[in-house]
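Subject: Structure for you to look at

Hi,

Here is the structure I promised to pass on. Please open it next to this email and follow along.

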Amino acid sequence: MKGATTLLGAMLVAAFPLLLPLALYNFGLSGAAAGFALLALLRLLTLRAVGSALPVALAALLLALALGAWASGSEHWFRFYPVLVNALLLGLFAASLWRGPPVAERLARLQEAELPPEAVAYTRRVTQVWCAFFAVNGAIALWTAQAASLQTWSLYNGLIAYLLMGGLFAGEWLLRQRVRRRPHA
């Protein structure tokens with residue numbers, strides 16, 4: 001039951017850019033802020049024992065933005081959630097390049113504990129590509145937060161950004177399969 005609750009909470013947080021316009025339309029700013037604050041609090045309560053700081057940080061960000069929106073009377077606070085998520089992920093991936101091992105290497109080692117040196121170098125490049133993605137995606141999210149309509153913001157951050165992320169993930173997976181099939185020199 002707890003796993004299902006955690007999964008549902010993660011899906012709702014991921015769908016936040018699509019849910020925000022609906023919540024604002026149906027419940028107004030105060031209702032939307034209360035609903036998202038409650039969602040964030042429930043996420044924080046269910047994530048206590050997970051042991052991963054990233055989901056906790058994302059829930060705390062959502063709670064802070066919901067409180068900021070409610071206190072200021074402006075829905076624009078909510079629009080910075082995707083910007084902050086991209087900044088957080090960029091920081092996580094970039095820090096792994098300096099402190100090591102890179103995020104992509106950690107994930108690769110879950111499937112294959114012993115990686116050859118060329119695979120380690122490849123995972124480093126993959127982590128760098130994800131850093132570039134989060135930087136560019138975060139910049140676009142910032143532009144949509146500041147200059148675009150709520151509908152454009154929602155479309156980009158709730159659909160297009162996920163499609164781009166999925167395309168990058170799938171493209172990297174296809175490239176990795178091709179690289180793995182190459183004969184080693």
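Start with Arg176 and Glu172 in helix α8. They are four residues apart, so about one helical turn separates them. This is a predicted model, so keep that in mind as you read. The two residues form a salt bridge, and their closest N and O atoms are 2.8 Å apart. How exposed is each partner? Arg176 counts as partly exposed, because its relative accessibility is 21%. Glu172 counts as buried, because its relative accessibility is 13%. The cut-off matters here: buried means under 20% relative accessible area.

Why would two such side chains pair at all? Side chains of opposite charge can pair when their charged atoms come close.

**The other salt bridges**

How many salt bridges are there by this rule? The count comes to three. Another one joins the side chains of Glu105 and Arg109, at 2.9 Å from N to O. This pair sits in helix α6. Glu105 and Arg109 are four residues apart there, so the gap is about one helical turn. Glu105 is buried, since its relative accessible area is 9%. Arg109 is partly exposed, since its relative accessibility is 31%.

Next, find Arg79 and Glu75. Their side chains meet in a salt bridge of 3.0 Å, N to O. Is this pair buried or exposed? Both Arg79 and Glu75 are buried.

**The largest pocket**

The largest pocket has a volume of about 930 Å³.

The largest share comes from α7, which gives nine residues. By type, the lining holds 17 nonpolar, four polar and seven charged residues.

**The second largest pocket**

The second largest pocket holds about 430 Å³ of space. Its lining has 18 residues. Nearest its centre lie Ala14, Leu58, Val85, Leu89 and Tyr162.

Several helices take part. α1 (2-14), α2 (16-47), α3 (53-72), α5 (81-99) and α8 each supply at least two lining residues. The largest share is five residues, from α5. The lining of the second largest pocket divides into 14 nonpolar, three polar and one charged.

**A nonpolar patch on the surface**

Now look at the outside. Leu155, Leu159, Ile160, Leu163 and Leu164 form a nonpolar patch on the surface. Together they have about 430 Å² of accessible area.

Two members are worth a click. Leu163 lies in helix α8. Leu163 is exposed, because its relative accessible area is 57%. The cut-off for exposed is over 50%. Ile160 also lies in helix α8. Ile160 counts as partly exposed, because its relative accessibility is 33%.

Pick the C-alpha atoms of Ile160 and Leu84. They are 17 Å apart, and the two residues are separated by 76 residues along the chain.

Most residues other than glycine have a negative phi, and most peptide bonds are trans. Which form does the bond from Gly100 to Pro101 take? The bond is cis, with omega near -15°. Pro101 is found in the loop between α5 and α6.

**The whole chain**

Finally, zoom out. The protein chain has eight helices and zero strands. From the N terminus on, the elements run α-α-α-α-α-α-α-α. Along its principal axes, the C-alpha trace spans about 65 × 35 × 25 Å. How much of the chain is buried? Buried residues make up 37% of the 185 residues.

**Where to click**

For a quick tour, take these stops in order:

- Leu58, one of the residues nearest the centre of the second largest pocket.
- Leu163, part of the nonpolar surface patch.
- Gly100 to Pro101, the cis peptide bond.

Best wishes

Notes
Residues are numbered from 1 along each chain as its sequence is written. This is a predicted model: local features need pLDDT of at least 70, side-chain atom pairs count only at pLDDT 80 or more; totals for chains, interfaces and linings use all residues. Side-chain values use heavy atoms; hydrogens and water are left out. On a 1 Å grid over the protein atoms alone, a cavity is a set of points where a 1.4 Å probe fits but cannot get out, and a pocket is an open set with protein on both sides within 12 Å along at least five of seven lines; lining residues have an atom within 4 Å of a point. Grid points are joined across faces, edges and corners, and a volume is the space filled by probe spheres set on the points. Ala, Val, Leu, Ile, Met, Phe, Trp, Tyr, Cys and Pro count as nonpolar, Asp, Glu, Lys and Arg as charged, and the others, Gly among them, as polar. Patches are made of residues with over 30% relative accessible area and no salt bridge: like charges are joined within 9 Å, nonpolar side chains (Val, Leu, Ile, Met, Phe, Trp, Tyr) within 5 Å. Accessible areas come from the Shrake-Rupley method with a 1.4 Å probe; for residues, only the protein chains shown count as cover. A salt bridge is a side-chain nitrogen of Lys or Arg within 4 Å of a carboxyl oxygen of Asp or Glu. Buried means under 20% relative accessible area, exposed over 50%, partly exposed in between (1.4 Å probe, protein chains only).
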